[in-house]
Amino acid sequence: MIAGSAACVLAAVGAHAADIQGHAASYQVTVEKPPENTKVTGQVSTTLSKACDGWRYSSALFYTIERGTRGNVKSDSFQEGMKFTEALGGTTLQYEGRYHVGGRGEEASGAATLGADRSGILDVKSDKLPRKVELPAATVLPIALRGQLIDALSNEDPARARGPFSFRTIELGRFYVSIDLTLARVAALPALKPPAPRVGSPLLQKRAWTLKQTSKTLTEWMESTFELHESGVITRFTFQRDGIVWRADLKELNTFATPQCGG
């Protein structure tokens, strides 16, 4: 892991486009205050690379929740994964997604195509519930959304850069639906004990913003606070699963060269 009031804000963004850089990231996942008699572990990794015709993205989230006391412990393991390719113009997307609990769950694939007004169809192929999802006008695909958000935050007019910002996009992690997102600037995420690992990289040397993401469509599932860098790297974020707030902090970052594409 972003219509209406946002249209004016985004239309006024400077002429330059966000210079998102390809990278692979892995995160340290912690829970600051686990519920009583609960043990949790997790790991997250993401990869974003640029080709001459578009973006390639993948993410993997694994976490385990053990509840109970000695001799009466219930353990559940969860896997969430996503892969997609998005055209550079942000008009087409092809994806694969999976959500498993204890080795059982759903796998889906599909494609989204947007027209001139950014309305279109998400064609979901799944054994459980194949369906076609209508995407309303002003829908923004995931990487295009990240670029528009960075441009809006970078606006030279402080009033326009302050936000909040609203978007219509697609949830591809589990539900495969059209969703609304609101993003508002907030203070920095609280420090961790022990502290989060420090990662040095040229991609982290420019501006960064901390934002809270909420959605009326998918409330808890989409709520998150994250730190976004001008290069497109997300260095830390929170997310909610099973009533628990998890935090992921960047522990390793590798960069990819931007391809040289001929005309």
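Student: Start with the link of C52 and C261: is it left-handed or right-handed?

Tutor: Read the angle about the S-S bond. Here that angle is -90°, and the link of C52 and C261 is left-handed. One caution before we go on: this is a predicted model.

Student: Which parts of the chain does the pair link?

Tutor: Distant ones. C52 sits in the loop between β2 (38-50) and β3 (54-69). C261 is in the segment after β14 (244-255).

Student: What is the S to S distance between C52 and C261? And how many disulfides does the structure hold?

Tutor: A sulfur pair must lie within 2.5 Å to be called a disulfide. C52 and C261 pass, with S to S at 1.9 Å. The structure holds 1 disulfide.

Student: Let me step back to the whole fold. How many helices and strands does the protein have?

Tutor: The count is 4 helices and 14 strands. Next, compare the radius of gyration with the globule rule. The protein has 19 Å, close to the 18 Å that the rule gives for 263 residues, so the protein is as compact as a globular protein of that length.

Student: What box do the C-alpha atoms fill?

Tutor: Take the principal axes. Along them, the box is roughly 65 × 45 × 35 Å.

Student: What share of the residues is buried, and what share of the accessible surface belongs to carbon and sulfur atoms?

Tutor: Keep the two percentages apart. Buried residues make up 46% of the 263. The accessible surface comes to about 13,800 Å², and carbon and sulfur atoms account for 50% of that area.

Student: Now a helix. What length does α2 reach?

Tutor: Check the span against 1.5 Å a residue. Helix α2 covers residues 142-153, which is 12 residues. From first C-alpha to last, α2 reaches 17 Å, close to the expected 16 Å.

Student: Why is α2 called largely enclosed?

Tutor: Count its buried residues. In α2, 9 of the 12 are buried, so the helix is largely enclosed by the rest of the structure. Among them are I143, L145, L149, I150 and L153. R146 and D151 are also buried.

Student: Which peptide bonds are cis?

Tutor: Look for omega around 0°. The bond from G163 to P164 is cis, with omega near 0°. P164 is in the loop between α3 (158-162) and β9 (165-171). K193 and P194 are also joined by a cis bond, with omega about 0°. P194 lies in the loop between β10 (177-185) and β11 (208-214).

Student: What phi do A138 and Y176 have?

Tutor: Both values are positive. A138 is not a glycine, yet its phi is about 75°. Y176 has phi near 55°.

Student: Where do A138 and Y176 lie, and is each one buried or exposed?

Tutor: A138 is in the loop between β8 (131-135) and α2. At 33% relative accessibility, A138 is partly exposed. Y176 is in the loop between β9 and β10. Y176 has 0% relative accessibility, so Y176 is buried.

Conventions. Residues numbered from 1 in each chain as written. Predicted model: local features only at pLDDT ≥ 70, side-chain atom pairs only at ≥ 80, totals over all residues. Heavy atoms only, no water. Helix = DSSP H or I, 4+ residues; strand = E, 2+ residues; numbered from the N terminus. Rg over C-alpha atoms; globule rule 2.2 N^0.38 Å. Buried < 20%, exposed > 50% of the residue type's maximum accessible area, 1.4 Å probe, protein only. Areas by Shrake-Rupley, 256 points an atom, 1.4 Å probe, with all protein chains shown as cover. Expected span 1.5 Å × (residues − 1).
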